[in-house]
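Please consult the sequence and the model shown below.

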Amino acid sequence: MNKKFLVLRVLLLVFTVVLPVNADDKISLSLMHYHTEESRDADALAFREMLEKFSEENPDIEVNVELLDIDSYFMKLQTLAAANELPDIFLLKSSLVDTFARGGLIEPLNAELNQDGWKDGFVDGAFADFLKGENIYAIPYAMGATSLIYYNKEIFDEAGIADFPENWTEFKTVIRKLKEAGYIPIALGNKGKWVVNSCIIGTLADRFTGTDWFYSILNNEGASFTDQKFVDALAALQELAEIAAFNPDMNSIDANQQKSLYYNRDAAMFIEGHWAINSIMEQASEDIVEATRISIIPAVPGGKGVQKATSAGSGMGYQLNPALQGAKREAALKFIKTVTGEEYSNLLIEKNGTPVFKTGNYDKSKIARLKVDYINLTEEITFTPVYDLHLAPSIIEVMNSGMQELLLRITTAEELAERIQHEYEILNR
């Protein structure tokens, strides 16, 4: 081969490699999510790091991000869905799967998951919240308990409480002692309505009803929200408000503000999911971190459910706009693999999150004592369904608004149960 031609060819190859990607050649993807810059949850920290890495390693793919707080996110998602204007990639709650699937807004991802063994990398039960028949409708990124009680052991000691209560009667006694000691017993920020549902009522109700009752509700097999055991669960929730377990402005502040009450030592407890571990590690002072312990809602004597249990699941997952085709679809799948796969999961567990993809080599020295406490706790308990990840959105809205009223004592447990059942019957005619 002519030497001059060979030199020119090599120079052309080098020039091609270093030449920046033309903006016209980029694949542009729209992404909407709720991992805001303010969030210190492990999921958000790991996501932001992997998003940056993906952008650096894939200059030919431009990810245009729209960030919303979690309360605003789902309102906008459903608005966009109604207008058939969903972004290319979005986070989907499992309770929306039926509605979105019926409307042709999402498609099963089985074929993609079965390609190249992708599905095999996920832990057992990873897709349970997104499984309809044999179809999988989203790719989860984390999995864990949604109902944990975080409490300050030093405040408990100060109030003369030696141990975390084992049953509901003892729990109410502890609340009264904390109140007498000058503390808010349980910080609650239910402005977005989801905290009471996701983090309290599902677990509390399961204590009374048992999990089979809930599956009977889901499968329309005869259980009713007006069944006395469910009404008793709502009454138990209202009783907490009656004995001043919560801060008076519980419906006016959000989940971040409820944690602030705990961090500032105004409150002795708060109830949230596994994601709060990282928030405590990132935001609380060292003395609060050291004093924090984790437990679950105490047993309800005579209840039908497993008493050492708590609600858990993946609940949220990535989906694609079904209109995506060809190279754009492949780029979107590549992105989802990046923010759910092994590298992401290793990073997530190091940040004290709970991955749903099997981890590889990660730095165990980075795992906080609270995370170890959580892992030890989950080895001793059973997981139950998360109500607002399975029930239809319209039922959840009736429940959520009604529980705000229940806590303010402007409705009764019986009245709320009837309202929930009425909406349930409309949907199941």
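A polar contact is a pair of N or O atoms within 3.5 Å, where, within protein, one atom must be able to donate a hydrogen and the other to accept it. By that criterion, the side chain of D129 makes a polar contact with the side chain of H390, at 3.3 Å. The model is predicted, and the points below cover this residue and then the whole protein.

- D129 lies in the loop that runs between α5 (110-114) and β4 (131-132).
- Although D129 is buried, it has no salt bridge.
- The nearest side chain of opposite charge to D129 is that of K132, 8.5 Å away; a salt bridge would require a side-chain nitrogen of Lys or Arg within 4 Å of a carboxyl oxygen of Asp or Glu.
- Leaving aside residues up to four places away in sequence, D129 touches S94, G313, S314, G315, L389 and H390.

**Overall fold and dimensions**

- The secondary structure of the protein consists of 19 helices and 14 strands.
- The C-alpha trace spans about 90 × 55 × 35 Å along its principal axes.

**Packing and surface**

- Of the 429 residues in the protein, 55% are buried.
- Among contacts with a separation of 6 or more, 75% join residues 24 or more positions apart.
- The accessible surface of the protein is about 19200 Å², and carbon and sulfur atoms account for 49% of this surface.

Terms used. Residues are numbered from 1 along each chain as its sequence is written. This is a predicted model: local features need pLDDT of at least 70, side-chain atom pairs count only at pLDDT 80 or more; totals for chains, interfaces and linings use all residues. Side-chain values use heavy atoms; hydrogens and water are left out. Helices (H or I, at least four residues) and strands (E, at least two) are DSSP runs, numbered from the N terminus. Buried means under 20% relative accessible area, exposed over 50%, partly exposed in between (1.4 Å probe, protein chains only). Lys and Arg count as positive and Asp and Glu as negative; His and the chain ends are not counted. Contact means heavy atoms within 4.5 Å. Accessible areas come from the Shrake-Rupley method with a 1.4 Å probe; for residues, only the protein chains shown count as cover.
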